[in-house]
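Colleague: Could we go through this structure together? I would like to start with the surface.

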Amino acid sequence: MHNFLPIAYFENQFIEFENAKISVATHALHYGTAAFGGLRGIPDSQNPNQILLFRLDRHCKRLSQSAKFLNYEISTDKIQQIIVDFVKKNRPTVSFYIRPLVYSSGLGIAPRLHNIEKDFLVYGLEMGDYLSPGGISCRISSWYRQEDRSFPLRGKITGAYITSALAKTEAVESGFDEAILMNSQGKVCEATGMNIFIVRNGQLITPGYDQDILEGITRDSILTIAKDMGIPVVERPVDKSELFIADEVFLSGTAAKITPVKRIESFELPQERPITDKLKEKLTAIVENKDPDYKEWVYIIPLD
């Protein structure tokens, strides 16, 4: 069972998590008319009276943009202030995950975005490693990622994640930890909730935005860090066969952080992962506010 944080933000107020409930007729429940965000927080190891959030501004901006696809206007500033207040009220003492959600809260039955109430909520839970930090196995999913021409992939719309759920279950039930989705052109796209990177001949390679990927914030951070470290970075289409002969493969995301891939289908990948290890060590230092060059990425919340 998850250890949920005791306080949630629900219907414009902070209440006990167990009392934050929606109607069975809620529109978003039936039609996937919601958008979510997700960000990690950790107690500051250097100051127990502070909480650190990684790239809070970018997470809030993305959720505000996602809400526009739902015909809902909610500002980045409002989302950020509610999240900050949420953290202060919960005062978490271990690593945790925050889930903000904008959703169609009306009880209408027709699938639509106009003339229906919208709302915003936030809850959280304690979270350690989402995937094994030592490495995972992946299969190529039989399910394909949606196309932007039929789904607004620049937003984290809840309805899109049925594909992720199908692919994840297919992978786990066939003996793997995670699934890799291809796009409609047959190119590598992403995992069920993470972006994907490969390393070949010293280059860090990842599918670009034109490959129907989610605009991942951790992905963006890794690209910036890699360039700053002098690692050659290429954003381009990636073929399935490249996965099997890559020098390194890893997944990235808020929950997954940087998770190495040790096997794809029946292909074992090299155990030495020098670039993955360097990036993981650097990202960890940044998230823990131990790297002065990236302090602007860390939002500090004082608990006093």
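This is a predicted model: local features need pLDDT of at least 70, side-chain atom pairs count only at pLDDT 80 or more; totals for chains, interfaces and linings use all residues.

Modeller: Residues are numbered from 1 along each chain as its sequence is written, and side-chain values use heavy atoms, with hydrogens and water left out.

Colleague: What share of the 304 residues is buried?

Modeller: Buried residues amount to 51% of the chain, where buried means under 20% relative accessible area, exposed over 50%, and partly exposed in between, with a 1.4 Å probe and protein chains only.

Colleague: How does the radius of gyration stand against that of a compact globule?

Modeller: The two agree, because a compact globule of 304 residues would have a radius of gyration near 19 Å and the chain has 19 Å. The radius is taken over C-alpha atoms, and the globule rule is 2.2 Å times the number of residues to the power 0.38.

Colleague: How many helices and strands are there?

Modeller: The chain has seven helices and 17 strands. These are DSSP runs numbered from the N terminus: helices are H or I with at least four residues, strands are E with at least two.

Colleague: What is the length of α5?

Modeller: Helix α5, residues 217-228, has twelve residues and reaches 17 Å from its first C-alpha to its last, close to the 16 Å expected; the expected span is 1.5 Å times one less than the number of residues.

Colleague: Which residues of α5 are buried?

Modeller: I217, T218, R219, S221, I222, L223, I225 and A226 are buried there. Just after α5, G230 takes a positive phi of about 85°.

Colleague: Turning to I79, where is it placed, and is it buried or exposed?

Modeller: I79 is in helix α3, residues 76-90, and counts as buried because its relative accessibility is 0%.

Colleague: What does I79 touch?

Modeller: Leaving aside residues up to four places away in sequence, I79 touches C60, L63, S64, I74 and F120; contact means heavy atoms within 4.5 Å.

Colleague: And which residues does Q80 touch?

Modeller: With the same exclusion of residues up to four places away, Q80 touches L56, D57, C60 and Y299. Q80 is also found in helix α3, and is buried with a relative accessible area of 19%.
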